Amino acid sequence: MVLAAWVGFWGFLAPLRVDKALPFLVPPLHARILGAMYWSGAVFMLASVSAKKWDEIRVITPMVAIWTGMLGIVSLLHLGLFSWALSQTWIWFGAYLVFPAMAAWITWRQRFQDTEAEGPAIPAALRAYLYTQGTLVTLLAGLLLLAPSFMTRVWPWQIVPELAQIYSAPFLAYGLGSLLAARQRSWAEARIAVYGTLVFGVLVLIASFVHSSLFDFGQPATWVWFGGFILATGALAIATLALPPRPPEPAG
């Protein structure tokens, strides 16, 4: 949580100095998008720390394994981006080797914990939305990972293949996490995934409007970007406001 919040701070609030937290420097819009991702991750972790039962973090733990594990793999594909003279590089590789192993081990150990959390069921409309979001975002992540050069030509602002593949890791976690959340039975099992993804959507919209001059509004990709994030933020905000913040305490 602390590491994610640290990167989020420099990325989102001080993008010109994001290399204080990351082992590489990126342009301000990219820094703010990465900051949004990491602050979203910090929300995942903070909410998970406050959870009382495995049911509440059943979705988040494999999301952490996917996010950090994929970042580790992508980083190994682009070792030329990193300077081993920087402490940030050692922290980066240490985190993205240790964290996915820990999250995967916890997920495996808890695989038979299949009790249903207390509280209301996931509404049918939210379940359908999460399936849709999960499918589309997982497809996006796959294209960023496997066809980064193609994605640089259709992305709504200038991006290089290396960053496209770095983006693929959190997007894959959001996508598969949404699909996993949609399969749960109660809101308590999906709520943390919804909270963190909502934070990501809100911050991405803020960053995009701040840097709107970098977008070509004559291109369909720009309208898909803004429209998609406005839709996602609205849907997730409605779910967050309409449903209880945590499962009720058991009677007695």
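The exercises below look at aromatic rings and inner cavities in this predicted model.

**Exercise 1. Classify the ring pair formed by W6 and W10.**

Step 1. A pair of aromatic rings is described by the distance of the centres and the angle of the planes.

Step 2. The model holds 28 aromatic pairs. For W6 and W10, the ring centres are 5.7 Å apart and the planes stand at 75°.

Step 3. Rings pair if their centres lie within 6.5 Å, and planes over 60 degrees apart count as edge-to-face. The angle is 75°, so W6 and W10 make an edge-to-face pair.

**Exercise 2. Work out how W6 and W10 are placed in their helix, and decide whether each is buried, partly exposed or exposed.**

Step 1. Find the helix: both residues belong to α1, which covers residues 2–13.

Step 2. W6 and W10 are four residues apart in α1, so about one helical turn separates them.

Step 3. Buried means under 20% relative accessible area, and exposed means over 50%. With 43%, W6 is partly exposed. With 11%, W10 is buried.

**Exercise 3. Find the residue that lies over the face of W108.**

Step 1. Look at the ring of W108 and search for a charge over its face.

Step 2. The residue is R111, at 3.7 Å from the ring centre.

**Exercise 4. Describe the largest cavity by its volume, its lining and the classes of its lining residues.**

Step 1. Rolling a probe the size of a water molecule over the atoms shows where empty space is left. In this model the count is two cavities of 30 Å³ or more.

Step 2. The largest cavity has a volume of about 50 Å³.

Step 3. Its lining is made up of F24, L34, M37, Y38, W67, L71, W92, I166 and P170. Two or more lining residues come from each of α2 (28–49), α3 (60–77) and α7 (161–182). The largest share, three residues, belongs to α2.

Step 4. Sorted by class, the lining has nine nonpolar, no polar and no charged residues.

Terms used:
Residues are numbered from 1 along each chain as its sequence is written. This is a predicted model: local features need pLDDT of at least 70, side-chain atom pairs count only at pLDDT 80 or more; totals for chains, interfaces and linings use all residues. Side-chain values use heavy atoms; hydrogens and water are left out. Rings of Phe, Tyr and Trp (its six-membered ring) pair if their centres lie within 6.5 Å; planes under 30 degrees apart count as stacked, over 60 as edge-to-face and the rest as tilted. Buried means under 20% relative accessible area, exposed over 50%, partly exposed in between (1.4 Å probe, protein chains only). A charge sits over a ring if NZ of Lys or CZ of Arg is within 6 Å of the ring centre and within 35 degrees of the ring normal. On a 1 Å grid over the protein atoms alone, a cavity is a set of points where a 1.4 Å probe fits but cannot get out, and a pocket is an open set with protein on both sides within 12 Å along at least five of seven lines; lining residues have an atom within 4 Å of a point. Grid points are joined across faces, edges and corners, and a volume is the space filled by probe spheres set on the points. Ala, Val, Leu, Ile, Met, Phe, Trp, Tyr, Cys and Pro count as nonpolar, Asp, Glu, Lys and Arg as charged, and the others, Gly among them, as polar.
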